[in-house]
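Thanks, everyone. Please look at the model first.

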Amino acid sequence: MAAELRGSDGLIAVDHAIPYSEKVIHNRKMTIVPFTEQARQVRVREMLRLAGLRPTQQRLSLGALLFSGQDRHFTAEQLHDEARRAGIPVSVATVYNTLHQFTHAGLLREVLVDGSKAHFDTNTSPHHHFLFEDGSLMDIPASQIEVLGLPDPPAGAVVRRIDILVHLAKPKR
Ligand SMILES: [Zn+2]
């Protein structure tokens, strides 16, 4: 479970894999408490600040839904449904705009999948994907795919990154 590391003087760090309920850092004993809604907002506010985005209510609310500690893939429509269930009053257009702002600021990555819908990913580090028939995605660590024999890029261009999408189907009987 995602946990915060909290000192007597406030939030110190967020760690997604701390198996202990207490930790000693620099001779201070820290208690680890589960994520609270308030702690999540503090964290999202800090993420927005670091990304150079103004912490509007919509960005804070959608960010709190997205950056809950677990990496995930989603479409704007899925996030819009989630926001409505959580009682956040936003339109699909606002969700789209916010997601593109987050993407340009480096908080999200857009995954190009066949079809018309944009897919977003909270994991912005280099990695690849399995694509299931139902349109859902699963991460493949970058270290598990080796690209051999890449052609030289055309003159005046450099390779910025390589995204591999492995399309899955049910096995034929
Ligand atoms: Zn991913």
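Helices H2 and H4 are roughly perpendicular to each other, because their packing angle is about 80 degrees and angles of 65 to 115 count as roughly perpendicular. Keep in mind that this is a predicted model. H2 covers residues 57–66, and H4 covers residues 92–104. Their axes lie 11 Å apart.

Which residues meet here? From H2, we have Gln58, Arg59 and Leu62. From H4, we have Thr94, Val95 and Thr98. By type, this contact has 2 nonpolar, 3 polar and 1 charged.

Now the sheets. One is open, with 3 strands in the order S5-S7-S6. Its pairing is antiparallel. S5 (73–75) and S6 (109–111) are at the edges, each with a single partner strand, so one side of each has no neighbour in the sheet. From one strand to the next, the twist averages 40 degrees. Look at S5 and S7, residues 119–121: 3 bridges join them. Histidine 73 has aspartate 121 in S7 as its bridge partner.

Next, another open sheet. Its 3 strands run in the order S9-S8-S10, and here the pairing is mixed. S9 (137–141) and S10 (165–167) are the edge strands, pairing on one side only. Ignoring direction, neighbouring strands are turned by 30 degrees against each other on average.

How do S8 and S10 pair, parallel or antiparallel? Parallel, over 3 bridges, with S8 spanning residues 127–131. Find histidine 129: leucine 165 in S10 stands opposite.

How values were computed. Residues are numbered from 1 along each chain as its sequence is written. This is a predicted model: local features need pLDDT of at least 70, side-chain atom pairs count only at pLDDT 80 or more; totals for chains, interfaces and linings use all residues. Axes are lines fitted to C-alpha atoms, for helices over the stretch in contact, and angles run from 0 to 180 degrees between N-to-C directions. Helices (H or I, at least four residues) and strands (E, at least two) are DSSP runs, numbered from the N terminus. Angles under 35 degrees count as roughly parallel, over 145 as roughly antiparallel, 65 to 115 as roughly perpendicular and the rest as oblique. Two residues are in contact if their C-beta atoms, placed from the backbone, lie within 7 Å. Ala, Val, Leu, Ile, Met, Phe, Trp, Tyr, Cys and Pro count as nonpolar, Asp, Glu, Lys and Arg as charged, and the others, Gly among them, as polar. Two strands pair if DSSP finds at least two bridges between them.
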